[in-house]
Amino acid sequence: SKFLIASTSEIYGDPEVNPQNEEYWGNVNPTGFRSVYDESKRFAEAITMAYHRKHNIDIRIARIFNTYGPRMRLDDGRALPNFMMQALKGEPLTVYGDGSQTRSFCYVDDLIEGIIRLYKSGINEPVNLGNPDEVSILNFAREILDITDSDSGIEFKPLPEDDPKVRRPDITKAKKLLNWEPEVSREEGLKLVLEYFRNEISRNSN
């Protein structure tokens, strides 16, 4: 049998290189505010690779970057659901710091296709899966306001400890070995997910 682990771009921590490729070891504070999540994923990759080397387990390691789509949790704390819910409710969008930090957003259909291709491959090394289309959080908030046609403003709050300044996957490996890259643009994906958030707000208010 094959063993596939859903790892994360958070293993790169607050990266000193951009975009992040699989050979980069990351820049993680081992005792910081985000360390429990970051280090648990780093350890999960380490123990998975150890079992592959020692016991010849057939493994797959998917390093998943920020993903979104219908049926995501409304309160998971990430930028997209926060902004979408705030905009639709007419509340100020919360931007931490000055909003210059960047993120990359991958539509769920693209991610699933990447995971399936990775699973069917013979690759036992980590592979980045995400959309390399990078955007600043401030500009992303403005995109959400535009697509929702919201009159909400933007509220700035202090940047959390160890919040990554950049996040963008280098998907050269996935392109070459899996013949995979995202097909859904951020503009298209946001339109697809907007109806889900509208329906959820309507359902929860009834």
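This report walks through a predicted model of one protein chain, from its overall build down to a few single residues.

First, some ground rules. Because the model is predicted, local features need pLDDT of at least 70 and side-chain atom pairs count only at pLDDT 80 or more, while totals for chains, interfaces and linings use all residues. Residues are numbered from 1 along each chain as its sequence is written, and side-chain values use heavy atoms, with hydrogens and water left out.

**The whole chain**

Let's start with the big picture: the chain has six helices and nine strands. Here helices (H or I, at least four residues) and strands (E, at least two) are DSSP runs, numbered from the N terminus. The radius of gyration is 18 Å, close to the 17 Å that the globule rule gives for 206 residues, so the chain is as compact as a globular protein of that length. That radius is taken over C-alpha atoms, and the globule rule is 2.2 Å times the number of residues to the power 0.38. Taken along the principal axes, the box filled by the C-alpha atoms is roughly 55 × 35 × 30 Å.

How much of the chain is buried? Of its 206 residues, 49% are, where buried means under 20% relative accessible area, exposed over 50%, and partly exposed in between (1.4 Å probe, protein chains only).

**A buried serine**

Ser 136 sits in strand 8, residues 134-136. Ser 136 is buried, at a relative accessible area of 16%. Beyond its neighbours within four places in sequence, Ser 136 touches Gly 99, Ser 100, Gln 101 and Thr 102. A polar atom of the Ser 136 side chain also lies 3.1 Å from the backbone nitrogen of Asn 139.

**Residues in the loops**

Now for the loops. The one between strand 1 (2-8) and helix 1 (35-55) holds Pro 19, which is joined to Asn 18 by a cis peptide bond with omega about 0°. Val 17 lies in the loop between strand 1 and helix 1 too. Setting aside neighbours within four places in sequence, Val 17 is in contact with Tyr 24 and Val 166. Val 17 and Asn 27 are ten residues apart in sequence, and their C-alpha atoms are 9.4 Å apart.

Which loop holds Asn 56? Asn 56 is in the loop between helix 1 and strand 2 (58-64). Though not a glycine, Asn 56 has a positive phi of about 60°. Arg 71, in the loop between strand 3 (67-68) and helix 2 (79-89), is another non-glycine with a positive phi, near 80°.

Arg 78 lies in the loop between strand 3 and helix 2 as well. Its side chain makes a polar contact of 2.9 Å with that of Asp 76. A polar contact is a pair of N or O atoms within 3.5 Å; within protein, one must be able to donate a hydrogen and the other to accept it, and residues adjacent in sequence count only if both atoms are side-chain atoms. Leaving out neighbours within four places in sequence, Arg 78 is in contact with Asn 66, Thr 67 and Met 72.

| Residue | Relative accessible area | Class |
|---|---|---|
| Asn 56 | 64% | exposed |
| Arg 71 | 78% | exposed |
| Val 17 | 32% | partly exposed |
| Arg 78 | 31% | partly exposed |

How values were computed: Contact means heavy atoms within 4.5 Å.
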